[in-house]
Amino acid sequence: MNLDGIGVTSRRTRERLVAQLRDRGICNANVLDVMRATPRHIFIDEAFSHLSYDDIPVNIGYKQTISQPYIVARMTEAVLDAAPLKRVLEIGTGCGYQTAIIAPLAEEVYSIERIKPLHDKAAANLETLGLGNVHLIHGDGSLGYPGKSPYDAIIVTAAPLGIPNELLAQLAQNGRLVIPVGAAADQELRLITRKEDQFVSRLLCNVRFVPLLKGPLQY
Ligand code: SAH
């Protein structure tokens, strides 16, 4: 990862963020190391850059947000137990922050985004970080991306009302799906683990994500 030009101030504020994540119960050392090493401010427009290392979601345009660092850490930690992660699918690239966090912890990452300008922005951000194992796709990921399945982990960062069977079918044996489910005010973050043809579901916490949209692309 190329960290040239990233100032001491940002490194110090990232250290403070990592301490907060640890206080909130994130304990996987690999996750904390990647969060410490990844500059979040490059994913955020200059007007909001003072919020880069606060543990909150931030507006990225097109009525979308960059996820809250705690939730990114929690989702990453949840799928990491399935290690080693060969192939990972992310649905909802946004500006690419979650992609940048999972990429150093997996062999190949596929990430799909329906809004073209965000897909383009993520591509530029991830190139800045020199992450060569990330494959970005512009398209509708509401039914996954079967072409590269099965996946050891699927991370969904927009919420459907129910869990699509198509996503379960794209999980490898012992694969893990982490997904927010439900309407805006009442969403649960769920971890689904595949054991043969059984799917074990566990509630992680309550969350608030943008909806997982279907249908024609707007951009
Ligand atoms: N992973 C991002 C979160 C982005 S917000 C991060 O790390 O910050 C969720 C994203 O999901 C939005 O950019 C939205 O456009 C996208 N999205 C919603 N429905 C989608 C769909 N059906 N296919 C692909 N992307 C979708």
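Is Phe 43 buried or exposed, and what is its relative accessible area? Phe 43 is buried, with a relative accessible area of 2%, where buried means under 20% relative accessible area, exposed over 50% and partly exposed in between, for a 1.4 Å probe and protein chains only.

The model is predicted, so local features need pLDDT of at least 70 and side-chain atom pairs count only at pLDDT 80 or more, while totals for chains, interfaces and linings use all residues. Residues are numbered from 1 along each chain as its sequence is written, and side-chain values use heavy atoms, with hydrogens and water left out.

A search of the whole structure finds 1 aromatic pair. Its members are Phe 43 and Tyr 97, whose ring centres lie 5.5 Å apart with the planes at 70°, so the pair is edge-to-face; rings of Phe, Tyr and Trp (its six-membered ring) pair if their centres lie within 6.5 Å, and planes under 30 degrees apart count as stacked, over 60 as edge-to-face and the rest as tilted. The pair links distant parts of the chain, 54 residues apart, with Phe 43 in the loop between α2 (29-37) and β1 (58-61) and Tyr 97 in helix α4. Tyr 97 also counts as buried, at 2% relative accessibility.

Helices (H or I, at least four residues) and strands (E, at least two) are DSSP runs numbered from the N terminus. In helix α3 (residues 69-80), 12 of the 12 residues are buried, so α3 is largely enclosed by the rest of the structure; among them are Tyr 70, Arg 74 and Glu 77.

Strands β8 (residues 187-195) and β9 (residues 198-207) run antiparallel and are joined by 9 bridges, where two strands pair if DSSP finds at least two bridges between them. Leu 189 stands opposite Cys 205 in β9, and the hairpin formed by β8 and β9 has 2 residues between the strands, with Glu 196 in the turn at a positive phi of about 55°.

The largest pocket has a volume of about 740 Å³. Of the 39 residues that line this pocket, the closest to its centre are Gln 64, Thr 65, Thr 157, Ala 158 and Val 210; a pocket is an open set of points on a 1 Å grid over the protein atoms alone, where a 1.4 Å probe fits, with protein on both sides within 12 Å along at least five of seven lines, and lining residues have an atom within 4 Å of a point. β2 gives the most to the lining, with 3 residues. The lining divides by residue class as follows.

| Class in the lining of the largest pocket | Number |
|---|---|
| nonpolar | 20 residues |
| polar | 13 residues |

Methods
Grid points are joined across faces, edges and corners, and a volume is the space filled by probe spheres set on the points. Ala, Val, Leu, Ile, Met, Phe, Trp, Tyr, Cys and Pro count as nonpolar, Asp, Glu, Lys and Arg as charged, and the others, Gly among them, as polar.
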